[in-house]
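Please consult the sequence and structure shown here alongside the text.

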Amino acid sequence: MSWPAGYDRQVLAEVDSTMAEAARQAARLSGPTWICAARQTAARGRRGRVWVNPEGNFAATLVMPTRDPAERRALRSFVAALAVFDALAALTGRVDGITLKWPNDVLLNGGKVAGILLESLGDHLAIGIGVNLAHAPTGAQVEAGALAPVSVLSSTGVGLAPEAFLDALAEAYAAREATFQTYGFAPLREAWLARAGRLGEDVTARMGNREVVGTFETVDADGRIVLKTAHGREAIAAADIFF
């Protein structure tokens with residue numbers, strides 16, 4: 001696989017978190033840069049949750065210069081999820097069992113294999129991606145009610161090195177980003193929906209103290225999940241989704 005033109009990379013032995021390193025470096029980076037670490041000592045996921053990242057798993061943050069408004073930046077979660085899907089499919093030789101969970105997870109055989117975290121850093125966007133290549137957290141290490149985590153190795157029998165995964169992911173991301181830049185969100189929305197988990201099934205959206213139960217109908221042109229509820233259709237911009 002070839003490294004995509006226009007993207008830089010850094011591979012670090014250890015860091016507190018690649019997202020924290022991205023924040024420290026963003027102002028002096030001239031172009032999109034992947035920051036990958038073999039080991040993180042203080043990794044985190046959405047809403048400040050702890051992200052368990054033992055050595056052998058994949059942890060990286062793509063720092064992208066952008067002046068896009070917040071609503072367009074948020075659509076990069078779909079770009080990233082599709083890129084993770086593409087990389088996993090390319091390296092494992094399989095697409096069966098790989099699905100996408102709104103807004104920012106990738107599932108393998110129904111379990112969570114990857115998570116995505118977006119944070120704005122002024123004129124940059126940090127896209128953090130963690131993938132359970134070799135190890136999966138135990139049930140005691142995940143939030144109550146969350147999907148059970150799985151690893152690529154345990155689910156497929158395929159062992160992947162983090163740097164090899166970075167090569168595949170960077171190439172896949174560059175291709176999906178090019179589509180986004182040229183054609184907008186519409187083709188990515190279609191591609192994402194074709195790979196969506198639980199589409200047409202009942203799910204629960206939790207937003208703080210509020211909970212909405214409904215049928216997962218689609219994702220709209222703004223990236224919101226649309227649920228058909230007992231009170232009508234509701235488009236939700238941010239929530240945790242439970243099956």
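The model is predicted. Strand S7 (residues 124-131) is largely enclosed by the rest of the structure, because eight of its eight residues are buried. S7 pairs in the antiparallel sense with strand S6 (residues 111-121) and runs antiparallel to strand S3 (residues 58-65).

**Burial of S7**
- His 124, Ala 126, Gly 128 and Gly 130 point one way from S7, whereas Leu 125, Ile 127, Ile 129 and Val 131 point the other way.
- The residues on both of these sides are all buried.

**Strand pairing**
- S3 is joined to S7 by eight bridges, and Gly 130 in S7 is the bridge partner of Ala 59.
- The pairing of S6 with S7 also extends over eight bridges, with His 124 in S7 as the bridge partner of Leu 121.
- Two residues separate S6 from S7 in a hairpin, and Gly 122 in the turn has a positive phi of about 65 degrees.

**Backbone geometry in loops**
- The Trp 102 to Pro 103 peptide bond is cis, with omega near 0 degrees; Pro 103 is found in the loop between strand S4 (98-101) and strand S5 (105-108).
- Asn 109, in the loop between S5 and S6, is not a glycine, yet has a positive phi of about 55 degrees. Its relative accessibility is 47%, so Asn 109 counts as partly exposed.
- Arg 198 lies between helix H6 (186-194) and strand S8 (202-207), in the loop. Although not a glycine, Arg 198 has a positive phi of about 65 degrees, and at 35% relative accessibility Arg 198 counts as partly exposed.

Key. Residues are numbered from 1 along each chain as its sequence is written. This is a predicted model: local features need pLDDT of at least 70, side-chain atom pairs count only at pLDDT 80 or more; totals for chains, interfaces and linings use all residues. Side-chain values use heavy atoms; hydrogens and water are left out. Buried means under 20% relative accessible area, exposed over 50%, partly exposed in between (1.4 Å probe, protein chains only). Helices (H or I, at least four residues) and strands (E, at least two) are DSSP runs, numbered from the N terminus. Two strands pair if DSSP finds at least two bridges between them.
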